[in-house]
Amino acid sequence: MNDIVWYCDGCDAELNRQTGFTTATGTWTCAKCGYENDVTDDNILSEAEAEVMADLQTECPKCGGHMCIGEGYSGTVYVCEDCGCEAWYNDYGLLIYEE
């Protein structure tokens, strides 16, 4: 399971990047939001499921990093785990950010 990338079910943060992350106990509490995630074989997606989920992953419009869903003052925002950029979808469905 070393090549599996795990994401938090609570906030979509990449769990593998969190200090001390392990799947040995079968659960991992997200350091970002505190959600207890099931990190067992039962939650590994098939190749077909992974392709569908990849289409749903949001890429940072600024640096290409991984965006996590969060709550901002005006509703749902996406925050990049890599550069901290905050973005949202406009009326045309485009993920945008302001510099």
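This is a predicted model: local features need pLDDT of at least 70, side-chain atom pairs count only at pLDDT 80 or more; totals for chains, interfaces and linings use all residues.
**Entry 1: confidence**
The protein chain averages a pLDDT of 79, and 76% of the residues score at least 70. Strand 1 (residues 27-29) has the highest value, at 96, while helix 1 (residues 47-56) has the lowest, at a mean of 62.

**Entry 2: Asn-37**
I found Asn-37 in strand 2, which covers residues 36-38. Is Asn-37 buried or exposed? Its relative accessible area is 2%, under the 20% cut-off, so I noted Asn-37 as buried. Next I listed its contacts, leaving aside neighbours within four places in sequence. Among them are Tyr-7, Cys-8, Gly-10, Leu-15 and Trp-28. Asp-9 is in contact with Asn-37 too, and here I looked at the atoms: a polar atom of the Asn-37 side chain lies 2.7 Å from the backbone nitrogen of Asp-9.

**Entry 3: Asp-82**
I moved on to Asp-82, which sits in the loop between strand 4 (75-80) and strand 5 (86-89). With a relative accessible area of 43%, Asp-82 is partly exposed. Which residues does Asp-82 touch, once neighbours within four places in sequence are left aside? I wrote down Arg-17, Cys-63, Gly-65 and His-66. With Arg-17, I found a polar contact between the two side chains, at 2.5 Å. Last, I checked Cys-60: it is 22 residues from Asp-82 in sequence, and their C-alpha atoms are 8.7 Å apart in space.

How values were computed: Residues are numbered from 1 along each chain as its sequence is written. Side-chain values use heavy atoms; hydrogens and water are left out. Helices (H or I, at least four residues) and strands (E, at least two) are DSSP runs, numbered from the N terminus. Buried means under 20% relative accessible area, exposed over 50%, partly exposed in between (1.4 Å probe, protein chains only). A polar contact is a pair of N or O atoms within 3.5 Å; within protein, one must be able to donate a hydrogen and the other to accept it, and residues adjacent in sequence count only if both atoms are side-chain atoms. Contact means heavy atoms within 4.5 Å. pLDDT is the predictor's confidence in each residue, from 0 to 100.
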